There are 2 protein chains.
Amino acid sequence: MKPISIGIDIGGTNTKYGIADREGNILASNSIPTTNYPDPKVFVKAMHQAITDMIADCGEEVELLGIGIGAPNANYYTGTIEEAPNLSWKGVVPLVKYFEEYFPHASVVITNDANAAAIGEMIYGGAKGMRDFCVITLGTGVGSGFVVNGGLVYGHDGFAGEFGHVIAVPGGRLCTCGRRGCVETYGSARGVVLSVQEELAGTTSPSKLRSIAPEDMTPKDVFLAAESGDVIAQHAFEATGKVLGESLANLVAFTSPEAIFFFGGVAKAGKWILEPIERHLKQNLLNIYQKNMVKLIPSYLPESDAAILGASSLVWKEVDHMPSQARSTSSA
Amino acid sequence: MKPISIGIDIGGTNTKYGIADREGNILASNSIPTTNYPDPKVFVKAMHQAITDMIADCGEEVELLGIGIGAPNANYYTGTIEEAPNLSWKGVVPLVKYFEEYFPHASVVITNDANAAAIGEMIYGGAKGMRDFCVITLGTGVGSGFVVNGGLVYGHDGFAGEFGHVIAVPGGRLCTCGRRGCVETYGSARGVVLSVQEELAGTTSPSKLRSIAPEDMTPKDVFLAAESGDVIAQHAFEATGKVLGESLANLVAFTSPEAIFFFGGVAKAGKWILEPIERHLKQNLLNIYQKNMVKLIPSYLPESDAAILGASSLVWKEVDHMPSQARSTSSA
């Protein structure tokens, strides 16, 4: 029997789930609308049915080792989702407990999506064999997952690794957290669009970005404009890269990672964002970190499967750390 | 035979060394002038003689388990001191190798003094039983040692944990590292004195600090002035605490420690510095960290023995992590 892991990525709108093997092959995947389930217990019941059906239909003899869940405001230690602003489930939801009631023989693990992305990069992606690295997600928000000495950094309360809410510009842009100048207000999709607006307001240069309403504008629009030579778009990425590079120089002074992996919509702008990040990082880096400088690497995980792979990798990470007499992962 | 560890703290002027047991009792201690030994090999030869004599004279039957060394710019992974600006030994000095030649049966460990202070706090001090905490040293410089998941954070290159060189004030005070606005330029002894000068320049208020030349002024002078009601001194600590509190709010977003321990001359100002640090930390802390807020604690290690205790604790940390068949620490 082939050992498998289920990866579940809970988002505000949809929940994606799938079956992955130890090599990161997705045997099957699907999604359900999270918004259809205002009661988390009903959600878990529906997920149990969907997963059971998916395993039965996958056409292989498999052994379910565990379920990994990536979710906003998820706490690894307590197995709960706490006060997630983008979910309709309010308060503290003991989601791991609910899943364990339906899957009593599986190991169930939950953490936030950026931590899941970090473990995914370590198990399946570009961080194989690395013991000190981090993953930065530049998407709707800015998230981060830190691996130190081969283990994820959860902190004493399970909430470590909020690089998006490091204050990069004192007194700067207003953040959804209520404070000002957080990295997220510059490095997220919204941050890039805000930088475009600032560039547009500060110059009379022609730009095709003037024809797109700010609330409709995406990082992809800005990327395509930059590619076609639009100076406003290029300057917006430069401004974004400056804030990210300066903040990452401070990040290096904390954990000195071997590599920083970038994931998410903003990171897909490629050289337009990575080149200014690297330049400003190097300019602001303490001298002792210049020699073996941290590597800046786009995530190896394929965009379409990344959320499921990240979540499913949590299971392999747990299984790999069990004593060998309790569980051998090499035997199928 | 009582198992013992040797702690050596190498400073630019003097090297302190002593014998410690597992409970943190110092059985003997002494010091030699580092500046007398421009050749590190001659230094190690002299240390070997001094340690051998000290063990012979300590009046107990002891078993030397290892030697722990705290030194500036020390690299745990390579066992070297690299380009330390405050030592006369230039280039890369393989100090652990030199010590192992004289002490072939002892485990020899080296790291920087702030990391040694963190392990000292975990083995002998206030961080016993904690798995996620950090120690901040506020002295001639600002140093830091981070413990995550029960282990010290060395980073991929051995140089992690440079909180003193996180940029707190973009474009701010010039640092000895050549950059501007590092935490060290505000939180060190020199940083406090600079804040006093700024306060003195900005007001005509009388202050006994006006009678002390800046290069003669110490944090203790400022502390005594603050105690006696000197408003300039109190404002200088407030300004220092503001920068430290804001920077520590970012630190919490990285590793979310259970506690932050403060050590060094500036920390001895007690409530005058800790109260503003705590207030500005809380004001700048992301909401998810407010509930179980990080504890701010003065170091438990006695000032006079702290350097030797920190260095010697490195040995117990290594020994405690060996397999029990190789070394039992509970048997004397």
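A salt bridge is taken here as a side-chain nitrogen of Lys or Arg within 4 Å of a carboxyl oxygen of Asp or Glu. The model is predicted, so that local features need pLDDT of at least 70 and side-chain atom pairs count only at pLDDT 80 or more, while totals for chains, interfaces and linings use all residues. Residues are numbered from 1 along each chain as its sequence is written, chains are lettered from A and ligands numbered from 1 in the order in which they are written, and side-chain values use heavy atoms, with hydrogens and water left out.

**Stop 1: a salt bridge in chain A**

Select E258(A) and K295(A). The two residues form a salt bridge in which the closest N and O atoms are 3.6 Å apart. This pair links distant parts of the chain, 37 residues apart: E258(A) lies in the loop between α7 (231-255) and β12 (259-263) of chain A, and K295(A) in strand β13 (residues 295-298) of chain A. Helices (H or I, at least four residues) and strands (E, at least two) are DSSP runs, numbered from the N terminus. E258(A) is partly exposed, with a relative accessible area of 24%, and K295(A) is also partly exposed, at 40%. On this scale, buried means under 20% relative accessible area, exposed over 50%, and partly exposed in between (1.4 Å probe, protein chains only).

**Stop 2: chain B**

Select E258(B) and K295(B), whose side chains meet in a salt bridge (3.6 Å, N to O). Here E258(B) belongs to the loop between α7 (231-255) and β12 (259-263) of chain B, and K295(B) to strand β13 (residues 295-298) of chain B. E258(B) is partly exposed at 24% relative accessibility, as is K295(B) at 39%.

Next, select E275(B) and R279(B), a salt bridge with the closest N and O atoms 3.0 Å apart. Because they are four residues apart in helix α8 (residues 271-284) of chain B, E275(B) and R279(B) are separated by about one helical turn. Both ends are partly exposed: E275(B) has a relative accessible area of 42%, and R279(B) has 31%. In chain A, select E238(A), E275(A) and R279(A), which salt bridges with shared partners join into one network. Over all chains, the whole structure holds 17 salt bridges.

**Stop 3: the two domains of chain A**

Colour domain 1 (2-120 + 304-320) and domain 2 (129-298) of chain A separately; such bounds come from an automatic or database domain assignment. Their C-alpha centres lie 28 Å apart. Twelve residues from domain 1 of chain A and 18 residues from domain 2 of chain A take part in the contact, where contact means heavy atoms within 4.5 Å.

How much area is buried between domain 1 of chain A and domain 2 of chain A? The figure is about 1200 Å², of which carbon and sulfur atoms give 63%. Buried area is the accessible area (1.4 Å probe) that two parts lose on being put together, summed over both. On the domain 1 side, select Y77(A), N115(A) and A118(A): these lose the most area to domain 2 of chain A, together 37% of what that side buries.

Between these domains of chain A there are zero salt bridges.
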